[in-house]
Amino acid sequence: MAMAALRREGRRLAPLISPRTITAVRSSPLYPTLEDEGPLGVRHISTQVVRNRMKSVKNIQKITKAMKMVAASKLRAIQTKTENSRGLWQPFTALLGDLPSADVKKNVVVTISSDKGLCGGINSTSVKISKGLHKLNSGPEKETKYVILGEKAKAQLVRDSKKDIELIITELQKNPLNYTQVSVLADEILKNVEYDALRIVFNKFQSVVSFVPTVSTVLSTEIVEREAESGGKLGDLDSYEVEGGETKGEILQNLAEFQFSCTMFNAVLENACSEQGARMSAMDSSSRNAGDMLDRLTLTYNRTRQASITTELIEIISGASALEG
Amino acid sequence: MTLNLCILTPNRIVLDSEVKEIILSTNSGKIGVLPNHAPIATAIDTGILRIRLNDQWLTIALMGGFARMDNNEITILVNDAEKGSDIDPQEVQQALEIAEANLRKAEGKIQIIEANLALRQARTRVEAINTIS
């Protein structure tokens with residue numbers, strides 16, 4: 001009886017939870033045990049703790065669901081732009097070829113990543129591929145430098161490759177993406193970095209659930225000439241009559257710059273699409289997990305509530321029968 | 001024999017059709033391209049492109065880019081393109097006046113260059129409308 005009264009009191013004075021219950025909650029690592037064995041095998045059941053936990057999990061579920069819907073709407077907006085820009089870089093590839101295997105002395109890896117987090121593993125894959133390219137292209141005469149777009153890649157690459165970073169650009173998506181902005185950016189990069197080959201690393205948007213890390217290669221004019229002379233894919237380049245300027249070299253130089261800005265534009269758009277898609281799926285699985293956890297907590301809550309009621313009843317009945325008999 | 005013409009800008013595909021002949025304005029003058037032309041790759045200046053389909057000439061204002069022709073397939077990649085029929089005459093006149101005013105009060109090299117560019121673009125668009133008629 002006394003224990004029941006104590007327990008009832010414990011529940012009424014819920015804010016002043018007994019010290020033993022608090023330590024029990026704090027000591028358990030992941031999933032707090034709600035039943036505490038007292039000195040005489042009595043159970044203090046802190047339904048309050050479970051209730052608090054359920055409230056916070058429910059809030060998390062709501063927030064992640066909202067984030068998923070926001071990401072979905074942003075994705076729709078960017079997707080049309082991306083598809084329109086895809087046709088732009090294909091003629092360049094048809095004319096100048098995409099030669100990832102070109103052997104050059106000065107490589108520049110342009111890594112495109114997102115500024116905000118909570119978007120799954122796309123940034124880590126981009127960084128992994130950039131590091132792989134770096135390793136592949138470092139040797140006695142060759143060197144690789146980084147140009148970083150986006151906060152997340154910056155955080156990861158600054159840690160171990162600080163000396164190889166040439167340029168860092170962040171907050172790309174503050175204004176909606178358009179070609180003028182990206183071409184100014186491309187101009188900056190071309191002015192400040194000497195290169196023989198530019199490799200742009202980004203996540204291509206295949207579908208809402210699949211993002212493929214890709215590398216687009218843009219070669220500088222000297223390398224293009226070299227490859228054209230050696231035949232192979234670029235051998236046809238010489239057969240083109242080049243007009244509209246003083247020299248063929250000047251036109252090819254302009255063409256290479258235009259190619260770079262178009263490929264950058266496409267890459268930045270595709271990466272933005274992938275970011276939104278990855279965020280959508282990450283938030284979706286997160287809200288689903290929150291829902292599962294909520295179900296489990298509700299069951300535990302009901303079980304412990306019923307158990308405490310049952311124990312109280314038993315004690316009352318046994319106390320009453322002891323009095324009679 | 002027709003040419004397959006494709007005009008692309010960073011934001012959209014402006015034209016994708018078959019034409020009989022085109023007149024392109026490059027940095028070193030205008031060139032006419034008929035079917036079975038030799039392969040060419042040229043830079044395009046801000047100017048107008050004239051297309052002939054079925055004895056009718058269409059004008060499109062182009063804002064600088066590149067063109068490539070191979071085996072009766074022409075691909076034009078420009079920063080921006082507007083069909084003559086899509087341009088509003090009054091709006092273009094106003095833009096031209098604003099561009100001229102900006103050029104007059106531009107100071108500093110960058111502003112002058114930008115104002116010049118805007119003026120050329122406005123002039124091209126005016127020309128595009130005028131040559132239709």
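This is a predicted model: local features need pLDDT of at least 70, side-chain atom pairs count only at pLDDT 80 or more; totals for chains, interfaces and linings use all residues.
Residues are numbered from 1 along each chain as its sequence is written, chains are lettered from A and ligands numbered from 1 in the order in which they are written, and side-chain values use heavy atoms, with hydrogens and water left out.

Me: How much area do chain B and chain A bury between them?
Reply: Buried area is the accessible area (1.4 Å probe) that two parts lose on being put together, summed over both. Carbon and sulfur atoms give 66% of it here. The total is about 1,900 Å².

Me: Which residues of chain B lose the most area to chain A?
Reply: On the chain B side, 23 residues are in contact (heavy atoms within 4.5 Å) with 21 residues of chain A. Three of the chain B residues together make up 33% of what that side buries. They are P10(B), F66(B) and R68(B).

Me: How many salt bridges does the rule find across the interface of chain B and chain A?
Reply: The rule wants a side-chain nitrogen of Lys or Arg within 4 Å of a carboxyl oxygen of Asp or Glu. The side of chain B that touches chain A has twelve nonpolar, eight polar and three charged residues. Even with those charged residues there, the salt bridge count is zero.

Me: Where does the domain assignment put domain 2 of chain B?
Reply: The bounds come from an automatic or database domain assignment. Domain 1 covers 3-84, and the C-alpha centres of the two domains lie 23 Å apart. Domain 2 is 87-130.

Me: What residue does E82(B) meet in a salt bridge?
Reply: Between domain 1 and domain 2 of chain B the count is two salt bridges, and the area buried there is about 820 Å². For E82(B), the N to O distance is 3.1 Å. The partner is R125(B).

Conventions. Ala, Val, Leu, Ile, Met, Phe, Trp, Tyr, Cys and Pro count as nonpolar, Asp, Glu, Lys and Arg as charged, and the others, Gly among them, as polar.
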